[in-house]
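Here is a short briefing on a protein chain. Keep the sequence and the 3D view open as you read.

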Amino acid sequence: MWLINSSIGRKVVMSVTGIALILFLTFHCAMNIVALFSGEAYNMICELLGANWYAVVATIGLAALAVIHIVFAFILTAQNRKARGDNRYAIATEVNPGKVEWASKNMLVLGIIILLGLLLHLFNFWYNMMFAEIVGFSAGHLPSDGFAFIIDTFSNPVYVVLYVIWLCAIWFHLTHGFWSAMQTLGVSGKIWFCRWKVIGFIYTTLLMLGFLVVVLAFAFKLAPSLYCYAGCC
C-alpha cells in the first residue's frame, strides 16, 4: 500500500518498471538488428517466441509493466500539477532558469506520443503475429514471418515518419528517465549523478540509433538481408 499511497513509493514503482522496460527495449533492439542481416534468422526467433506459453506469459508481464508505468506517470503528473498550481513552471523560469531539461518539463507530452506509437507498433506487429496465431487468422503473411511484416511496414513512408517521431520521443523520455530512475533508487550520489546522466545519454542514444538504423535501412532498401530474402541468396 505504501508504494501506491506515497509519492516516493510511486516514484520507486516508476523507476523499477522503467528500468525493466529499458531492458526489454535492449532485447528488442538486438532482435531487430538480426533482421538487418538475416531474415531467416529473424523469423527463427519469431517462431521460437510466437504464441508459445512462455512468450504469452512474458507478453502479459510486459503489458502489466507498461500499464503500471503509464498509470503511475499520470498519477504523479496530476499530483505535481496540483501541488504546484499556477506556479508549476516557476522552478524552470525563476528559480533555476535554463537548468531544467526540456524532457523533464514535457514528460507527459512525450509519454502520450510514446503511448500512441506503441499502439501503432502493436497493431503492425503483435496484432498480425502473436494475436493472429492465437486467434487463428492470417494478415497476408504467416504469423511467424516477422521479416515480411517489417518489409511491409517500412515500405510505407507514413509509417516510417511516424516511427522516427516515436523513436525521437522515446529518446527524449529515456535520456531523462534513466538517470532520474537511478536517483530515485538511491544509487546516484553527488559523484554518480553526472556519471549516470552521461551513461544514460550514451546508452539510450545507442539504443535508439539501433532501432532507427533498422527503420531507415528497410525504408531505403539498404538492409543486407533484403538481398537474401525468400531464398534469393
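**Aromatic rings and a bent helix**

The structure holds 14 aromatic pairs. In one of them, the ring centres of Trp-171 and Phe-172 lie 5.0 Å apart and the planes meet at 75°, so this pair is edge-to-face. Keep in mind that this is a predicted model. A pair of aromatic rings is described by two things: the distance of the centres and the angle of the planes.

**Aromatic pairs**

- Trp-171 has a relative accessible area of 23%, so it is partly exposed.
- Phe-178 and Tyr-203 make a tilted pair, with 6.2 Å from centre to centre and 40° between the planes.
- This pair links distant parts of the chain, 25 residues apart. Phe-178 sits in helix α9 (residues 157–184), and Tyr-203 sits in helix α10 (residues 190–219).
- Is Phe-178 buried or exposed? Phe-178 is buried, because its relative accessible area is 12%, and buried means under 20%.
- Tyr-203 is partly exposed, at 33% relative accessibility.
- Ring pairs also build a cluster. Its members are Phe-123, Trp-126, Tyr-127, Phe-131 and Phe-137.

**The nonpolar surface patch**

- A nonpolar patch lies on the surface. It is formed by Phe-74, Ile-112, Leu-116, Leu-119, Leu-122, Phe-123, Trp-126 and Tyr-127.
- Together these residues have about 730 Å² of accessible area.
- Which helix gives the largest share of the patch? Helix α7 (residues 107–135) does, with seven residues.
- Phe-123 is found in helix α7. Its relative accessibility is 45%, so Phe-123 counts as partly exposed.
- Phe-123, Trp-126 and Tyr-127 belong to the patch and also to the ring cluster.

**Helix α7 itself**

- Where does α7 bend? The bend is at Trp-126, by about 55°.
- Helix α7 has 29 residues, yet its end C-alpha atoms are only 36 Å apart. A straight helix would reach 42 Å at 1.5 Å a residue.
- Helix α7 also has buried residues. Among them are Leu-110, Ile-114, Gly-117, Leu-120, His-121 and Asn-124. Others include Phe-125, Asn-128, Met-129, Met-130 and Ala-132.
- Just after α7 comes Gly-136, with a positive phi of about 95°.

Key: Residues are numbered from 1 along each chain as its sequence is written. This is a predicted model: local features need pLDDT of at least 70, side-chain atom pairs count only at pLDDT 80 or more; totals for chains, interfaces and linings use all residues. Side-chain values use heavy atoms; hydrogens and water are left out. Patches are made of residues with over 30% relative accessible area and no salt bridge: like charges are joined within 9 Å, nonpolar side chains (Val, Leu, Ile, Met, Phe, Trp, Tyr) within 5 Å. Accessible areas come from the Shrake-Rupley method with a 1.4 Å probe; for residues, only the protein chains shown count as cover. A salt bridge is a side-chain nitrogen of Lys or Arg within 4 Å of a carboxyl oxygen of Asp or Glu. Helices (H or I, at least four residues) and strands (E, at least two) are DSSP runs, numbered from the N terminus. Buried means under 20% relative accessible area, exposed over 50%, partly exposed in between (1.4 Å probe, protein chains only). The expected span of a helix is 1.5 Å times one less than its number of residues. The bend at a residue is the angle between axes fitted to the seven residues ending there and the seven starting there. Rings of Phe, Tyr and Trp (its six-membered ring) pair if their centres lie within 6.5 Å; planes under 30 degrees apart count as stacked, over 60 as edge-to-face and the rest as tilted.
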